[in-house]
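Please open the model in a viewer and keep the selection tool at hand.

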Amino acid sequence: MGIKSVGLYANFEREGVQDLCDRIIAELSARNVHIYATQASDVRNQKVERLERRALLKTVELILVIGGDGTFLHAATDLAGAAIPMLGINKGHLGFLSELEEDDFFPMLDRILTGDFSIERRMKITGSLIREGEIIAEMTGLNDVVINRDPLDNTIALDVFMGDALVDHYRGDGLIIATPTGSTGYSFSAGGPLIYPGTDCLIVNPICAHLMGVRSIIIPANASVDVYLTRGRAGAYLVADGVNPMRMQLGDHLHVERAPSTVQLVHMRKHPFFEAVHTKMLNTHERKPR
């Protein structure tokens, strides 16, 4: 029967996104596809019906995410818990999480609407901030959960455990706990390894460790990680996927584990990971200008 209801999630602060959305909406409408967006969306098109988030997730069969990697991460957070395939269309700088560039989308539209694509389920992680034995905040990340020192402080000290086993005492600027998806993001910039998507593991990666020889560690995805802030005059900042930072106080404890839900990424071709690595990360001349 094909896909008849599509959700739009777009970053309208990006140049050209509104025009691209209008083109997409026109093509979908011509094929009698219903188009929806959340109430908070800035989309300006009368053919788009706005729905409350829960209603949208019950209605759409596919979500088109238009923007860069940050937009995709926001979508994964805002639409968390929905078992709906997400197709990224790149209008950002790197676009590593985007399956298609703008020029690729329209020739593939009929394939997309007939469901001629594969779905990859990407793991997420949850972080719980614990203070005096009580959970005071929770967060979920597709890429990572990060502890960063206060910019006005010097180094912080962190005791890291995997279950009951001490991983290490780290002293530096912070710590990244990343998924395989996040291995191409902040963790990669901090010297971490690239991990093939779907690999069942997590990365524990210190940031600017104040000791020679300290490197990232790969642990099983079903392991839990507990991090204790043992030194830091100004505390630290805790953030998942780079949004909504919160303060972490001396003595606080972060518990990280695999999330129960996944994010469903749409793929239109085989082995897009290696293609993306070569064209978007290794060959810098292929990157889009800012």
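Select strand β18, residues 253–267, in this predicted model. Strand β18 supplies three residues to the lining of the largest cavity, the largest share of that lining.

Next, display the cavity itself. The structure holds one cavity of 30 Å³ or more, and about 70 Å³ of space lies in the largest cavity. To show its surroundings, select Ile63, Ala76, Leu79, Ala80, Gly81, Ala82, Ile84, Met86, Lys124, Thr262, Val263 and Gln264, which line the largest cavity. Colouring this selection by class gives eight nonpolar, three polar and one charged residues.

Now clear the selection and colour the chain by domain. The domain assignment places residues 5–117 together with 268–282 in domain 1, while residues 124–260 form domain 2. A distance drawn between the C-alpha centres of domain 1 and domain 2 spans 30 Å. For the contact between the two, 14 residues come from domain 1 and 13 residues from domain 2.

As a last stop, how many salt bridges does the rule find across the interface of domain 1 and domain 2? The count there is zero.

Terms used:
Residues numbered from 1 in each chain as written. Predicted model: local features only at pLDDT ≥ 70, side-chain atom pairs only at ≥ 80, totals over all residues. Heavy atoms only, no water. 1 Å grid on protein atoms, 1.4 Å probe; cavity = no way out; pocket = protein on both sides within 12 Å on 5 of 7 lines; lining within 4 Å. Points joined across faces, edges and corners; volume = space filled by probe spheres on them. Helix = DSSP H or I, 4+ residues; strand = E, 2+ residues; numbered from the N terminus. Nonpolar A, V, L, I, M, F, W, Y, C, P; charged D, E, K, R; others polar. Domains from an automatic or database assignment. Contact = heavy atoms within 4.5 Å. Salt bridge = Lys/Arg side-chain N within 4 Å of Asp/Glu carboxyl O.
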